[in-house]
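Dear colleague,

The structure I promised is below. Please look it over before reading on; my notes follow it.

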Amino acid sequence: VYAVDISKVFVNNILILSRERGQRNVEGVINASTDVQLPPRSIDIAFVCDTYHHFEKPLAMMRSIHRALKPGGQVIVVDFRKIPGFSTPWVMDHVRAGQPQVVREIESVGFRLVEDIDLLKTNYFLRFESAGRM
């Protein structure tokens with residue numbers, strides 16, 4: 001398991017918690033704003049939870065994730081619904097893009113949406129797989 005974040009503090013906290021719980025298979029990775037810093041074809045699943053809206057360069061980051069995925073790999077994105085009249089003012093001011101734009105961005109770099117699960121009240125849950133191009 002790779003715990004990837006641009007914040008060294010966040011990665012260190014995850015490593016501390018995982019060690020306290022006896023999880024020895026977690027490796028911390030400090031990434032850049034355009035690259036997850038993972039080897040090509042090294043992961044089966046990328047789980048991006050409540051962080052996609054922080055990607056400063058989402059297309060570059062998603063290309064990097066695409067490279068890191070093994071054939072048949074998938075990306076799960078969970079992030080805040082940004083819907084006027086539904087979302088909180090914090091979400092409306094803080095979150096860069098709504099779900100339709102997120103889907104367009106991710107599909108534009110070689111993924112296809114395979115599942116959109118209405119699972120959470122204030123967040124969406126999307127599953128993508130490689131469309132075979134990048």
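To begin with burial, 37% of the 134 residues in the chain are buried, where buried means a relative accessible area under 20%, exposed means over 50%, and partly exposed lies in between (1.4 Å probe, protein chains only). This is a predicted model, in which local features need pLDDT of at least 70 and side-chain atom pairs count only at pLDDT 80 or more, while totals for chains, interfaces and linings use all residues. Residues are numbered from 1 along each chain as its sequence is written, and side-chain values use heavy atoms, with hydrogens and water left out.

Overall layout

The chain has 4 helices and 6 strands; these are DSSP runs numbered from the N terminus, helices being H or I with at least four residues and strands E with at least two. Read from the N terminus, the order of the elements is β-α-β-β-α-β-α-α-β-β. The radius of gyration is 15 Å, close to the 14 Å from the globule rule for 134 residues, so the chain is as compact as a globular protein of that length. That radius is taken over C-alpha atoms, and the rule is 2.2 Å times the number of residues to the power 0.38. The C-alpha trace spans about 45 × 35 × 25 Å along its principal axes.

Of the contacts in the chain with a separation of 6 or more, 64% are between residues 24 or more positions apart, a contact being heavy atoms within 4.5 Å. The accessible surface comes to about 7900 Å², and carbon and sulfur atoms hold 54% of that surface (Shrake-Rupley method, 1.4 Å probe; for residues, only the protein chains shown count as cover). As for charge, the chain has 17 positive and 15 negative charges, and their mean positions are 3 Å apart. Lys and Arg count as positive and Asp and Glu as negative, with His and the chain ends not counted; each charge is placed at NZ of Lys, CZ of Arg, CG of Asp or CD of Glu.

Helix H1 and what follows

Helix H1 covers residues 8–20 and includes Ser18. Ser18 is buried, with a relative accessible area of 3%. Beyond its neighbours within four places in sequence, Ser18 is in contact with Gln23 and Val26. After H1 comes Gly22, which has a positive phi, near 80 degrees.

Gly28 sits in strand E2 and is partly exposed at 29% relative accessible area. Not counting residues up to four places away in sequence, Gly28 touches Ala3, Val11 and Leu15. Gly28 and Phe10 are 18 residues apart in sequence, with their C-alpha atoms 9.5 Å apart.

The loop between E2 (27–30) and E3 (43–49) contains Gln37, and Arg41 is also found in the loop between E2 and E3. Each is a non-glycine residue with positive phi: near 65 degrees for Gln37 and near 55 degrees for Arg41. Gln37 is partly exposed at 43% relative accessibility, whereas Arg41 is exposed at 58%.

Helix H2

Leu59 lies in helix H2, residues 58–68, and is partly exposed at 32% relative accessibility. Leaving aside neighbours within four places in sequence, Leu59 is in contact with Glu105, Ser108 and Val109. Leu59 and Val114 are 55 residues apart in sequence and 19 Å apart in space, C-alpha to C-alpha.

Regards
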